[in-house]
Amino acid sequence: MKANGRVESIEYPASQLEVPLLSVYRYLGMGRTQPDAALTSLAEQCAGEFQAVARYRACRLVLPVAVKGELVDFGVFSLSSKSLSKNLSGCRQAILFAATTGAEGERLQKRTAITSPAKAVVLDALGTAAIEHFCDTLCRRWAAQFPGQRLRPRFSPGYGDVPLELQKTLLSCLDSHRKAGITLTQSLLMVPQKSVSAMVGIGSTGCETALHDCQLCDKTDCQFRI
Amino acid sequence: MNVLDCIGQGIFFLDGGTGTLLQERGLAPGELPELWNLSHPGEITAVGKAYYEAGSHAVCTNTFGANALKFDGNEGRPTVEAVVTAAVSCLQTARSSAVGGQAHKFIALDVGPLGRLMAPLGDLAFEEAVELFAQVIRAGAKAGADLVLIETMNDCYETKAAVLAAKENCDLPVFVSNVYDENGQLMSGASPEAMVAMLEGLRADVIGLNCSLGPRQMLELLPRFTACSSTPLLVKPNAGLPRPEQGHTVFDVGPEEFTQVMEEMVGRGARVVGGCCGTTPEYIRELVAAASGIAPLPVTQKSRSVISSYTRAISFGKAPVLIGERINPTGKKRFKEALRARDMGYVLKEGLDQQEQGVHVLDVNVGLPEIDEPAMLVDCVRELQGVCDLPLQLDTSNPMAMERAMRIYNGKPMVNSVNGSAESMDAVFPLVKKYGGLVVCLTLDEGGIPETAEDRFAVAKRIARRAAEYGIGVHDLIFDPLALTISSDSAAAQVTLDTIPLIREGLGACCSLGVSNISFGLPHRDFITATFFTMALSRGLDAAILNPYSTEMMKAYHSYLALAGMDPNCSSYIAFAQNLTVETASSAPAALGQRPPSREGLQGAIIRGLQEDAAHLAREALATIEPLTLINEQIVPALDVVGQGFENKTVFLPQLLMSAEAAKAAFEVVREAMPATQGSGPAVVLATVKGDIHDIGKNIVKALMENYGYRVIDLGRDVPAQRVAQAALDHDVRLVGLSALMTTTVPAMAQTIALLRQQCPGCKVVVGGAVLTQEYADQIGADRYAKNAMETVRYAGLVFAR
């Protein structure tokens with residue numbers, strides 16, 4: 001017996017995703033500093049190895065959403081949150097999704113940690129850049145399915161006043177274990193680690209970009225800020 | 001008639017999907033279907049009855065998600081036992097009230113995945129998983145289920161836990177079905193061949209695949225199963241692929257097309273058939289009508305000698321299999337040191353390096369008189385299979401170590417070894433029968449090693465007979481005709497070589513050899529060993545345990561493959577030979593040396609992150625400089641330059657670590673030259689706290705601390721507070737470093753600190769990790785918050801300077 005037949009399962013070939021190396025350097029804490037030739041070649045080598053084993057998978061549920069004051073109701077679950085209700089205000093539909101780069105990329109990173117810590121940190125940053133890029137790609141593609149509408153910035157459990165605890169509900173709603181191989185540990189970490197789960201509003205008004213932009217963030221002392 | 005007899009007689013029909021049927025009957029989205037066993041037994045019974053009447057031999061209980069993670073008996077939730085018992089009871093009613101259908105109707109206890117990922121990637125411990133499954137199985141068997149159907153498993157390791165739980169807690173037949181993608185892989189990466197190897201080893205009664213794919217896609221995968229499986233095959237596809245339509249999910253394959261493809265599937269060897277998501281009693285009715293009359297293909301014995309890892313199977317008997325012998329402390333000072341210090345990184349690196357050299361299997365031997373071998377072997381196997389996808393050969397003479405390692409091994413292992421003595425066979429064969437394995441059988445017995453080939457063959461035959469009594473086929477035995485040194489007996493090699501064809505032809509079994517012994521006591525041993533290896537291969541040797549770093553051995557292997565016609569276009573030989581030329585011809589450093597050299601010599605090599613140069617220059621320097629002087633005046637100052645650069649943001653993390661790796665390479669060289677007493681600086685304990693499985697930050701700190709001469713006791717990830725305190729006590733450390741990445745695991749860090757305060761009051765605690773701040777660190781009572789690895793090193797300097 002498996003519920004949630006409506007969840008869509010997505011697999012994306014790694015060959016169609018090119019991990020942006022600039023983001024990799026940013027996640028390595030380099031800000032806008034140009035990498036030297038040694039690091040560039042290491043990053044390129046890591047990208048090749050990572051992409052060879054990565055399995056980009058996602059699962060998605062498109063649901064009506066009702067926002068009343070601070071109450072956000074997706075039908076399958078609801079919660080009260082100031083920040084999420086603000087993010088979704090004016091939206092009547094939302095996408096819930098979870099995406100991952102797969103377990104093999106993680107094993108590669110762990111394997112590498114034994115033989116070369118330097119390469120392992122580059123692979124770690126690469127995994128982060130890869131999953132972010134994958135989410136960006138998915139959101140762009142999904143945005144095209146809702147003509148005249150725009151996607152709000154991705155909102156994940158743990159953002160603002162939404163507790164990380166929501167991961168349980170969100171991932172079980174998405175049946176993410178079966179649909180994309182994403183599970184939660186008891187301390188609410190996603191495994192594989194390079195995974196993202198989020199709620200994305202679909203609205204016609206007042207929308208910001210669904211993609212990443214440091215200028216939208218008020219954490220000015222972030223070491224990854226550019 | 002019992003289930004297996006019924007399968008023996010013809011096509012066996014299972015049920016179809018239930019999700020959509022229950023939704024039609026009012027199950028709300030998000031509602032746990034298993035609760036309906038108790039709240040809506042009539043509906044559950046009606047669905048079961050519909051399947052029995054449609055012609056299903058077995059219908060699955062509504063227990064897919066019934067486990068104690070969801071049903072724990074707390075806060076109004078029912079217990080697993082209550083849910084499972086009610087589910088079986090619904091089907092008992094359905095069975096007795098069904099009109100028509102099969103003469104024999106069975107109840108399949110449905111066991112689905114737990115929804116959490118197994119360690120080491122996830123946090124579900126193997127034995128915890130076994131126990132969770134055991135609860136379901138005990139309840140189901142007690143309530144009256146006729147068989148266990150473990151289904152929709154997408155992880156090889158979790159599947160093993162479920163099968164063991166079933167085998168240990170009931171006598172019912174066990175059916176196992178996994179979810180494959182179009183490429184024929186589980187989510188966790190396993191191939192059908194690997195799954196069949198492991199599941200036949202565990203003595204599953206029916207093996208197969210369900211869910212995710214439609215019938216046509218499964219039809220394409222079927223030949224991979226029929227080629228290797230000697231067990232009846234189960235196929236339970238979805239009704240094609242789902243697509244959303246007006247808020248509902250519809251599947252694109254109707255009953256007619258479904259039946260048509262399933263008929264073909266039966267014609268090609270599927271024996272146990274049904275449907276998964278999107279299929280209904282109508283699908284099953286049509287399938288039964290069409291396929292009942294088809295004479296099933298016989299299930300044939302494939303007799304493959306095969307082992308597996310969590311992703312792949314390796315079979316013996318065709319191309320020779322190389323087994324790397326280097327994970328073994330015998331005669332290796334550094335390896336012994338690593339084992340005593342529980343330096344897993346060293347052991348793992350030995351495994352990965354051998355994989356790089358091209359071995360197919362890793363022998364794992366960690367026996368040392370002064371260590372707890374069962375615990376160590378289990379740890380090594382667990383860690384190795386977490387990062388390395390080569391199958392393992394478990395090498396121990398300690399039966400308890402063997403059993404514990406076989407139990408937690410993720411696949412079907414190679415077992416090293418049994419011999420012809422009653423004691424050995426009585427210890428090893430029951431384990432192989434229970435857990436599965438390909439056993440290395442040494443052709444010796446109580447009387448010692450026979451001197452002639454005929455006598456060794458006689459021992460082999462005796463071993464095979466005894467194995468058969470345990471139900472272990474000869475294909476699960478691989479015989480070692482024993483290489484003894486020719487330096488003491490010039491006929492030794494001939495006896496060994498003559499035994500190989502006797503066993504291969506006389507028993508139809510494979511042979512493996514530890515080849516190195518042959519040259520013991522002779523100069524340039526590799527020359528003799530490699531030639532002996534070639535001779536053994538030409539007599540039919542199937543596998544060898546060898547040192548893959550020996551160029552002579554690898555030359556022999558690649559040349560043999562090319563000469564024996566096993567290397568099309570000589571391509572693997574050419575690749576090997578070309579690499580060999582490059583390696584020997586060029587000692588140019590890797591292309592990482594682009595940073596301008598601010599210093600020359602060893603310091604420059606470390607600053608620029610050139611590992612090979614650093615090792616080489618350290619070796620040169622040792623000719624004239626004392627080891628400690630070299631460390632203090634060359635290595636540490638170079639690291640300081642890089643460390644300062646990192647703090648000033650002119651050097652970044654990867655570069656810092658490249659330098660760390662270069663320094664480590666230099667250290668390894670210096671260490672060999674140092675008396676053991678001088679080698680180690682003060683000890684520190686590092687751990688990622690309980691509940692947290694992120695360890696990259698901790699690993700960076702470890703790399704740097706080691707560089708600065710600290711003896712790092714790395715406890716790994718997800719470490720309980722008590723283990724941290726115990727390690728701090730055992731090693732009498734003055735500094736403990738703790739890492740946590742998530743807010744959810746900071747409480748575990750606080751508990752660990754509290755326990756340390758209590759049990760090791762003199763010990764300082766430095767903390768770090770993504771969510772930590774000075775404020776947090778103060779709150780939980782840490783001595784110091786370190787923003788990055790360099791800060792930790794600096795703080796350690798302060799602690800130990802006092």
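**View 1. Where chain B meets chain A.** Take contact to mean heavy atoms within 4.5 Å. On that basis, 64 residues of chain B touch 52 residues of chain A. The two chains bury about 4900 Å² between them, 64% of it on carbon and sulfur atoms; buried area here is the accessible area (1.4 Å probe) lost on putting two parts together, summed over both. L121(B), M187(B) and F652(B) supply 14% of what chain B buries against chain A, more than any other three residues. This is a predicted model, with local features needing pLDDT of at least 70 and side-chain atom pairs pLDDT 80 or more, while totals for chains, interfaces and linings use all residues. Residues count from 1 along each chain as written, chains are lettered from A in the order written, and side-chain values use heavy atoms, leaving out hydrogens and water.

**View 2. A salt bridge across the interface.** D181(B) and R55(A) pair up through their side chains at 2.7 Å, N to O. The rule (a Lys or Arg side-chain nitrogen within 4 Å of an Asp or Glu carboxyl oxygen) finds 3 salt bridges between chain B and chain A.

**View 3. Helix α5(A) against helix α25(B).** Helices here are DSSP runs (H or I, at least four residues), numbered from the N terminus. α5(A), residues 117-143, packs on α25(B) at about 160 degrees with the axes 7 Å apart; axes are lines fitted to C-alpha atoms over the stretch in contact, and angles run from 0 to 180 degrees between N-to-C directions. So the pair is roughly antiparallel, the word for angles over 145 degrees. Among the residues that meet are V121(A) and V122(A) from α5(A), and L657(B) and M658(B) from α25(B).

Terms used. Helices (H or I, at least four residues) and strands (E, at least two) are DSSP runs, numbered from the N terminus. Angles under 35 degrees count as roughly parallel, over 145 as roughly antiparallel, 65 to 115 as roughly perpendicular and the rest as oblique.
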